[in-house]
Amino acid sequence: MAGRLLTDKASAARLRMIIEAGVELGGVELLGFALEHAVTEADGLGGMVHVRGPGGRGLLMMASSGIVRTVAQDWEEIAVDGDTAPARAVTGGASVWMSALGGQSLPEASVDQRGTGGGTNRAGQGGTDGGARHGGRGPDSPLGHHPHAAAPWSPPSALPAGSGLLAVPLLTPDGVVGALSVLTVGEGQPTPQQRSAVETLAAWAALRLREPSMDWGRADLRRSGKEPPVTRLQEALEAIKVGSWEWDLATGELLWDESTLAILGMAGQSTNQRFDTWSGLVHPDDLPWLLVEVEQAIRNERVSGVEYRIRRPDGTTRWVSSRGRVLPGEGGRPGRMVGTVWDTTESRIARDSVSRALRHMSDAFFAVDGEWRITFLNMEAERLIGASHELLGQDLWDAFAEIGIDAVGLGLHASYQRAVDRGTPVSFVVRWPVNRRQYQMRLVPVPDGLMVYATDVTEMRSREAESVAAERVTADRNARITALAGALAEALTVQDVVNAAAERIMAPFGASGLVVHLIEGETLHVTGQVGYPETFFRDFEGKPVGDIAPLDEVHRTRTAAFIDSVEEYVERYPRMAGRPAEARKSSWAFLPLVVSGRSVGCCVVSFTEPRRLGGEEKALLITLSGLMAQAIERARLFDAEHMRAQELQRGLLPSELPTLCAVSTAARYVPANEGIEVGGDWYDVIPLSGARVALVIGDVMGHGLAEAATMGRLRTAVHTLADLEFPPSELLTRLNQVVNDLGDDFYATCLYAVYDPVTCTCRFGSAGHPPPAVVYPDGTTEFLAHRPDPPLGTARPPFETTEAVLPEGSLLVLYTDGLIESVTRDIDRGMLHLTKALSIAAAAAREDDAAGSALGLERLCDDVLAELLPGTQLMDDAALLVARTSAIPADSIASWTLPDGPIAASEARHHVRDQLEGWELDDLAMTAELLVSELVGNAVRYGKRPIALRLLRAEGLICEVSDGSLSTPRIRNAAETDEGGRGLQLVAALAHRWGARYTATGKCIWTEQPVT
């Protein structure tokens, strides 16, 4: 099938309806029907159908739509091998579209810009009553003469700007028999949907024309250049039951083919006839005007298209349509006419039956031509217009004026003119002055004028007016319920519910106050209020509900109470007589909040002035209170769950960060605001030996209690492994094993960094976590280059370690992906955004530090969050940890290399005593000498050279003894008879903290004493 599959379901359904409607059509009627709908589907200006002619004469036009006579006569016959779009479609066997820019040649002519409404229809077939014979415009009248049509378009030798021609071949299984063409609007090609629709209609028409016994021309004959025994034109004309004729104007000789003879009832007679023979067949009533039409066509050398009656030799009368055009003879004078003829009796009968149905229809119906002359009206229209004489052929506006109708004042003239000018139907309601009834006027433009339908809608409009008020009330109630239900569905907290209800209940009802009381047990709680003095509810909070009479009544009966005035309130609740004046209210609606059969509270809607609510209003308020009760119950559950989740989250994260000399820190955690489940983001700051500090941040993938528990396990594991002084790579290796032991469904990212204030170096490792950012003292911001290993749970050790030097005063920034990544921002853009935010926030923090403010890092965290998470809906948690680095001064560090042997302990005690005296820490000297002596003695006895001693003055006094051995000491419980084994017990008893760690050359045993 030539047409492509339509993608638009509505268009496909419309084409199916068109094809079903034309299932009974044949011949030229079929071609005209397909053409008209093709023009409509393509939103075109007009169109035409060509069929192959005999003996290489070219392509002959068989039907046109929307194109006036001057176009039709120049396109009656076109060359098959020419450059026109129809010729290319026939020779190429495929659709062709050519625009003005493509150089498509178009004869000088006029095209009716109203589309399918213009030109002759079905090869010039006339109107219902014979056109010109009844005072209207005849079937040959070009639409360009229509006084109310759009200005005709007269192109030059090529297509005008803003137009094109789409030609589709008429394909049959045996070959191409012709082309269907549509003149399109716009320089751009027709849309695929429009093109597909035209191709579908062309293919359907072509297959309908083909009879099983016909041979439309085979591909092998076309390739060989030979013609089939019967010419293509004759085959085409036989297939569509159209005859052809030729008239020699000089001799009066007529040449009719067999189809013409059959149509005229002269089958089997000679094909050579005289003009008198034809005129003798024409019905006497039609012959006079028909001869005038023929004479004018010859004189003006134009195409003639007419419909008339014939009397066959057997006495039967038939309707036929004929088209013909004049061909020049010698000296350029008219020499002969050639044309086609076909039987239209059946279509004429169908049109006459439609006319009879219109004549007796209950609605008024009349039609006018292009000059506003009445060409048809039914009996109801005659009564409506009410003229006293024959109306056919009379000017419409004269007929209106005769019965006293001001067409201009009523807007009839403007509406009718608008329908004609736009070419689209117009509908409006008007009160008819003659009988004072209301009519709905529907104006439908047609090719030759306008059709008017007038339906009496007086009773219907009355019924509509009566039901408008009820419908408005119902619609208003439904709209309010829908609006409040939508707002309550989005409310998360109880206060959100109160705010949503106040916004959508108070204004529509004219209320001035709304309060929601929740009842727990027998205790009253004011959950939220709008429109009351702040002090009014102080006496309500925490009181038994029985002390507040109206609330107690509604709570126990679960029935709404409506009080219209202060007098009614005082009469009903005398013990509460002073409350209306305090609240400055004069009427109330007490609405119970009932959930699952139990009362949970009461909603009070109040009014400043006395107010008597109607039945609809009361029903609506009760319905809305039910929605509020459900929403409040959900919100209370949400509030409780949210509070528990927040408590759990706070318990899993550090309550406060430690104060250290190596770094100053600040952190922020922002939970996702979708749902109430806790997240898996965490951070920590862990003091290490030697004044070093561990900075850690991680993210367990997912949300929920399981993920939160995993996060707690990992944070505890990191603390334990950090206390064992594992380096970053070893710590991540052991942490990866912890995650693997949790199961296959747990994954986490982690970044572990160790900062040493003695060397100002930072060593870190990453398991699938974004790299840390550094803001240097000069304001430069960068990310520390590091290729992260896979997340914990999927990684295969070893993990890589990166080392960087951080000048004193640098900012080390650790974060989770929730800070930089979202549905609208990828991670690369987020990291770039973070660097810009850090640069600006760090500059502001430096100003705070210069001013002596202690809030520099806290403000930096807030500024970064405000820039990266500006009140957006977070789909993931976000954590931020910022550390400003410090360095231990050189005069607070002392180190010595000790000799091998027992003398090492003595020298160590001497160094300690002298250094502490210089640091003015003499009160620590005795304990420090004892600790160092024990540690050096252990190193001499069990360790390897070299042995070194280092003292650090930081948060406390740190003594470190290192040697080349990798074996670490351990405390053992010595028996009473043992001579040794009590040294480390002594160290543990005297030191505030002590421990051991591995170094690049061995191990280090350290102790820490507090400095008072």
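Is α2 mostly covered or mostly uncovered, and how many of its 15 residues are buried? I started there: α2 is mostly covered, with 12 of its 15 residues buried. Buried means under 20% relative accessible area, exposed over 50%, and partly exposed in between (1.4 Å probe, protein chains only).

A note on what I am looking at: this is a predicted model, where local features need pLDDT of at least 70 and side-chain atom pairs count only at pLDDT 80 or more, while totals for chains, interfaces and linings use all residues. Residues are numbered from 1 along each chain as its sequence is written, and side-chain values use heavy atoms, leaving out hydrogens and water.

**Helix α2.** I found α2 at residues 27-41, reaching 21 Å from its first C-alpha to its last, close to the 21 Å expected at 1.5 Å a residue. That expected span is 1.5 Å times one less than the number of residues. Helices (H or I, at least four residues) and strands (E, at least two) are DSSP runs, numbered from the N terminus. Among the buried residues of α2 I noted F33 and E36.

**Backbone.** Most residues other than glycine have a negative phi, and most peptide bonds are trans. I looked up W372, whose phi is positive, near 65°; W372 sits in the loop between β13 (364-369) and β14 (374-377). The bond from P797 to P798 is cis, with omega near 10°.

**Cysteines.** I searched the whole structure for disulfides (pairs of cysteine sulfur atoms within 2.5 Å) and got 0. The sulfur of C602 is 7.0 Å from the closest cysteine sulfur, in C603, so it is too far for a bond.
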